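Please keep the sequence and the structure in view while reading.

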Amino acid sequence: MAAAARRTARPVRCRRLNSLLDERPDARLVVTYTPGTSPGPCLQRLLDTLAARSVTLPALRERPEDIRELLPALAPGPAPGSPPLTWSLDALRALERHPWPGNVTELAHLVRALARQRRIGGPVRRSELPDPVREGPAGRNLSPMELAERAAILEALRRHGGNKARAAAALGIARATLYRKLREYQGRDAAIRGGAL
């Protein structure tokens, strides 16, 4: 019965959004959509309307540095007299290492669940996180694209005598991006070692 209610509520919400955009084309909306089954006519109209004003964000796994800024926005407001949800450095690092296949929605569910279930004060510790997040991503082989990227990074570093700033400039990426890539590959590949890469 609940599933049927959700199915009938979706077209109603969709129609309301379409009406809102008809009445106020300048309305600001934050909408997420995960492609799956083909959308019905109402949702398709909404998607077509929004496509002209869409901003595509990279997946959360590609921007782990955003997690620290997202956490306060995703956490429910604290009960009166209670402090807001805070995070230990170890927990933050575990969150940043997790690949987030469910993207920001998955992170939001985790934050809300922790806020609801917590019975102790202080920052959230790594030990309180679900196993897959706490334990980090399982090792996997690099994809062909990652192998090509890694080879280009290694070659640029070799050409520039290990100077990361010059290698990043030659690759057309920010130095911070180069450091992030090096950290990612360091965890996966024994051939890449700290500063020596």
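Trp 100 counts as buried, because its relative accessibility is 1% and buried means under 20%. The model in which this value was computed is a predicted one. Trp 100 belongs to the loop that joins helix 4 to helix 5. Its phi angle is positive, at about 50°, although Trp 100 is not a glycine.

Asn 103 also has a positive phi without being a glycine, here of about 60°. Asn 103 is placed in helix 5. With a relative accessible area of 28%, Asn 103 is partly exposed.

## The chain as a whole

The chain has 197 residues, of which 25% count as buried. Its secondary structure consists of nine helices and zero strands. Read from the N terminus, the order of elements is therefore simply α-α-α-α-α-α-α-α-α.

Among contacts in the chain with a separation of 6 or more, 60% come from residues 24 or more positions apart.

## Helix 3 against helix 5

Two packed helices are described by the angle between their axes and by the distance between the axes. For helix 3 (residues 67-74) and helix 5 (residues 103-117), the axes come within 10 Å and cross at roughly 55°. The two helices are therefore oblique to each other, and the crossing of helix 3 and helix 5 is right-handed.

On the side of helix 3, the contact is made by Ile 67, Leu 70, Leu 71 and Leu 74. Helix 5 contributes Val 104, Leu 107, Ala 108, Val 111 and Arg 112. By class, the residues of this contact are eight nonpolar, no polar and one charged.

## Helix 3 against helix 4

How are helix 3 and helix 4 oriented to each other? Their axes come within 10 Å and cross at roughly 105°, with helix 4 covering residues 89-97. Helix 3 and helix 4 are therefore roughly perpendicular to each other, since angles of 65 to 115 degrees fall in that class.

Which residues of helix 3 and helix 4 meet? Ile 67, Arg 68 and Leu 71 of helix 3 touch Leu 89, Leu 92, Leu 95 and Glu 96 of helix 4. This contact has five nonpolar, no polar and two charged residues. Ile 67 and Leu 71 are named in the contact of helix 3 with helix 5 and again in that with helix 4.

Pro 58 is found in the loop between helix 2 (41-51) and helix 3. Pro 58 counts as partly exposed because its relative accessibility is 40%, a value that lies between the limits of 20% for buried and 50% for exposed.

How far apart in space are Pro 58 and Asn 103, C-alpha to C-alpha? The distance is 9.6 Å, while the two residues are 45 residues apart in sequence.

Helix 9 spans residues 175-188, and Lys 181 lies within it. Is Lys 181 buried or exposed? Lys 181 is buried, because its relative accessible area is 16%, under the limit of 20%.

Leaving aside residues up to four places away in sequence, Lys 181 touches Glu 149 and Ile 153.

Note on methods. Residues numbered from 1 in each chain as written. Predicted model: local features only at pLDDT ≥ 70, side-chain atom pairs only at ≥ 80, totals over all residues. Heavy atoms only, no water. Helix = DSSP H or I, 4+ residues; strand = E, 2+ residues; numbered from the N terminus. Buried < 20%, exposed > 50% of the residue type's maximum accessible area, 1.4 Å probe, protein only. Contact = heavy atoms within 4.5 Å. Axes fitted to C-alpha atoms, helices over the stretch in contact; angles between N-to-C directions. Parallel < 35°, antiparallel > 145°, perpendicular 65-115°, else oblique. Left-handed = near helix turned anticlockwise from the far one by under 90°. Nonpolar A, V, L, I, M, F, W, Y, C, P; charged D, E, K, R; others polar.
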